[in-house]
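Dear colleague,

I am passing on the structure we spoke of, together with some notes to read beside it. Please look through the model first and then compare it with the text below.

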Amino acid sequence: MEKDVCIDIKSTQFADDEKDVTELFTYGRLKRGRGKNKDKYKIIYEESEAIGYEGSTVTLDVAGNDMVTLYRSGDAISNLVIEKGKKHHCHYGTPFGDFLVGVSADEIRSELGENGGSLYLKYTVDINSSYMSETEMHINVKEV
């Protein structure tokens with residue numbers, strides 16, 4: 001199953017008593033896994049200039065309420081593994097340089113289905129074991 005979808009993303013980052021909100025509305029694709037991966041979904045979309053990652057493609061691999069893996073390809077390559085109960089050290093690329101970051105999931109709620117749905121992520125990021133930020137993402141996906 002693969003469908004064209006509208007994707008609405010609201011990301012809020014908290015760091016040093018500051019709050020930074022980013023919103024993106026875009027079009028992309030929703031894919032459902034096959035075989036034993038039927039409960040897994042992929043959300044795929046192109047990044048925008050407004051976010052600072054123009055020319056990059058993002059793929060979110062969603063494994064229910066347990067794990068989400070974010071892959072960004074293009075000019076800024078990233079691989080973030082967000083998994084409940086585990087800390088992962090991940091490569092995070094930016095237009096200004098690359099970092100190795102620690103990612104710990106606080107909460108993952110997936111209500112994705114064949115016609116879209118929602119995904120909520122709350123996770124903490126550190127660099128060299130020093131707290132960097134906490135991020136909340138609300139992603140809504142609707143069939144076009």
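**Exposed aromatic residues**

With a relative accessibility of 52%, Y27 counts as exposed, since the cut-off for that class is over 50%. This is a predicted model, and what follows should be read with that in mind.

Y27 belongs to strand β2, which covers residues 18-32. Together with F25 and V144, Y27 makes up a nonpolar patch on the surface, and the three residues have about 370 Å² of accessible area between them. When the whole structure is searched for aromatic pairs, one is found. The pair is formed by the rings of F25 and Y27, whose centres are 5.7 Å apart and whose planes stand at 75°, so the arrangement is edge-to-face. Both partners, F25 as well as Y27, are exposed.

**The chain as a whole**

The chain contains 10 strands and zero helices, so that part of the description is brief because helices and strands are taken here as DSSP runs. Taken along the principal axes, the box filled by the C-alpha atoms is roughly 40 × 35 × 25 Å.

Of the 144 residues, 41% are buried. The accessible surface of the chain amounts to about 8,200 Å², and carbon and sulfur atoms account for 45% of that area.

Most residues other than glycine have a negative phi. Against that background, two residues deserve a look.

D17, although not a glycine, has a positive phi of about 60°. D17 sits in the loop between β1 (2-15) and β2, and with 87% relative accessibility it counts as exposed.

S129 likewise has a positive phi, near 65°, in a residue other than glycine. The loop that holds S129 runs between β9 (116-127) and β10 (130-143), and S129 counts as exposed at 62% relative accessibility.

**Salt bridges**

Side chains of opposite charge can pair when their charged atoms come close. In this structure there are nine salt bridges, and I describe some of them here.

The side chains of E114 and R32 form a salt bridge with an N to O distance of 2.5 Å. E114 is placed in the loop between β8 (97-110) and β9, whereas R32 is in strand β2, so this pair ties together parts of the chain that are 82 residues apart in sequence. E114 counts as partly exposed at 37% relative accessibility, and R32 also counts as partly exposed, at 23%.

E83 forms a salt bridge with K86, and the closest N and O atoms of the two are 3.9 Å apart. Here E83 is buried, its relative accessible area being 16%, while K86 is partly exposed at 47%.

In the salt bridge between E107 and R109, the closest N and O atoms are 2.3 Å apart. E107 counts as partly exposed with 28% relative accessibility, and R109 is partly exposed with a relative accessible area of 40%.

There is also a network of salt bridges, which links E2, R29 and K31.

**A buried cysteine**

C90 has its place in strand β7, residues 87-94. Its relative accessible area is 4%, and C90 is therefore buried, the limit for that class being under 20%. Leaving aside residues up to four places away in sequence, C90 touches N79, L80, V81, F99, L100, V101 and V103. G113, by contrast, is 23 residues from C90 in sequence and 28 Å from it in space, C-alpha to C-alpha.

Key. Residues are numbered from 1 along each chain as its sequence is written. This is a predicted model: local features need pLDDT of at least 70, side-chain atom pairs count only at pLDDT 80 or more; totals for chains, interfaces and linings use all residues. Side-chain values use heavy atoms; hydrogens and water are left out. Patches are made of residues with over 30% relative accessible area and no salt bridge: like charges are joined within 9 Å, nonpolar side chains (Val, Leu, Ile, Met, Phe, Trp, Tyr) within 5 Å. Accessible areas come from the Shrake-Rupley method with a 1.4 Å probe; for residues, only the protein chains shown count as cover. A salt bridge is a side-chain nitrogen of Lys or Arg within 4 Å of a carboxyl oxygen of Asp or Glu. Helices (H or I, at least four residues) and strands (E, at least two) are DSSP runs, numbered from the N terminus. Buried means under 20% relative accessible area, exposed over 50%, partly exposed in between (1.4 Å probe, protein chains only). Rings of Phe, Tyr and Trp (its six-membered ring) pair if their centres lie within 6.5 Å; planes under 30 degrees apart count as stacked, over 60 as edge-to-face and the rest as tilted. Contact means heavy atoms within 4.5 Å.
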